Amino acid sequence: MNGTKQSPSTAVERAIEILENIAQRESGMTNSEISRRLAIPKSSASYILRTLENRGYLRRERGTGKYKLGLKVLSLGRGAQTSVGLRDVALPVLRRLVELTGLTAHLAVLDDGEAVYLEKAESLSFIRIDTWIGRRLDVHSTAVGKALVAALPQAEIEVILNQRGLKKKTPKTITVHAKLLRELSKVRDQGYALDDEENNVGARCVAAPVLDNFGRAVAAVGVGGTTTQMDKSALTRAARAVKEAAREIAEQIGYRRKSSRQ
């Protein structure tokens, strides 16, 4: 116990240093790496890491043991940003998406290997999709999930797939590892992801990643509806719309410069 005992001010300083260091390391950091980097005992680092993990500020990958920023940090960031926050920027964009496509629009982020709806704009149609803010989704069977993980390094994708598995949700769900990897490669090439009745029978969704300056997805923008609402022509229009919406959000939160590229 003596190895982990420290003054409150020292503990707070170390917790902040840990968060700052992990935030700068996209691939995450292990307990040992943090201990060496900050020159503190592993027992002290472990105590702080467990506390931050329990409170949701960090998450630990089961496969690698590395710590990464948790979803709770994002909620703090939204409150701290005085000009533009992710949800503040995204909501009007989502509402325009609804007007343009007539479909329900979502903003999602990746948390512990799952896609989590962070914001939603409801379609005005009498046909509604049963979704809610905070809903957690499998990444392999959803458009927002595929958009979020497609930009990750291969090793991180493998960890998520091994950790979460490829549960069969419908007859169209991709349950073969190699096939999903090919699908994610296609997502990277075309700039958007499709869920064609893979998560729910009778529903289609299309989503695009909000990319940061490192080419990683900080969020995904998607629209969804019934197969009747999203026929081939509607799907093509929706794909263009979500890609443009994702670019707009990225530009407004300072991640990407305006470009004429489609």
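**Close-up views of a predicted model**

**View 1. Arg-59 and its surroundings.** The side chain of Arg-59 reaches the backbone oxygen of Leu-69 at 3.5 Å. This is a predicted model: local features need pLDDT of at least 70 and side-chain atom pairs pLDDT 80 or more, whereas totals for chains, interfaces and linings use all residues. Residues are numbered from 1 along each chain as its sequence is written, and side-chain values use heavy atoms, without hydrogens and water. Arg-59 is found in strand S1 (residues 58-60); strands (E, at least two residues) and helices (H or I, at least four) are DSSP runs, numbered from the N terminus. Arg-59 is buried yet has no salt bridge. Buried means under 20% relative accessible area, exposed over 50%, and partly exposed in between (1.4 Å probe, protein chains only). A salt bridge puts a side-chain nitrogen of Lys or Arg within 4 Å of a carboxyl oxygen of Asp or Glu. For Arg-59, the nearest side chain of opposite charge, Glu-61, is 4.2 Å away.

**View 2. Helix H9.** H9 has 21 residues and reaches 31 Å from its first C-alpha to its last. That is close to the 30 Å expected at 1.5 Å a residue, taken as 1.5 Å times one less than the number of residues. Its buried residues include Ala-238, Val-242, Arg-247 and Ile-249. The buried residues of H9 pack against H5, S3, strand S6 (193-196), S7 and S8. Just after H9, Gly-254 takes a positive phi of about 85 degrees.

**View 3. Glu-114 with Arg-164.** These residues form a salt bridge, the closest N and O atoms being 3.8 Å apart. Glu-114 lies in strand S4 and Arg-164 in helix H7 (residues 154-164), so the pair ties together parts that are 50 residues apart in sequence. Glu-114 is buried at 15% relative accessible area. Arg-164 is partly exposed at 23%.

**View 4. Arg-204 with Asp-196.** The closest N and O atoms of this salt bridge are 2.7 Å apart. Arg-204 is buried at 18% relative accessibility, and Asp-196 is partly exposed at 22%.

How values were computed. Contact = heavy atoms within 4.5 Å. Lys, Arg positive; Asp, Glu negative; His and termini not counted. Polar contact = N/O pair within 3.5 Å; in protein donor to acceptor, adjacent residues only side chain to side chain.
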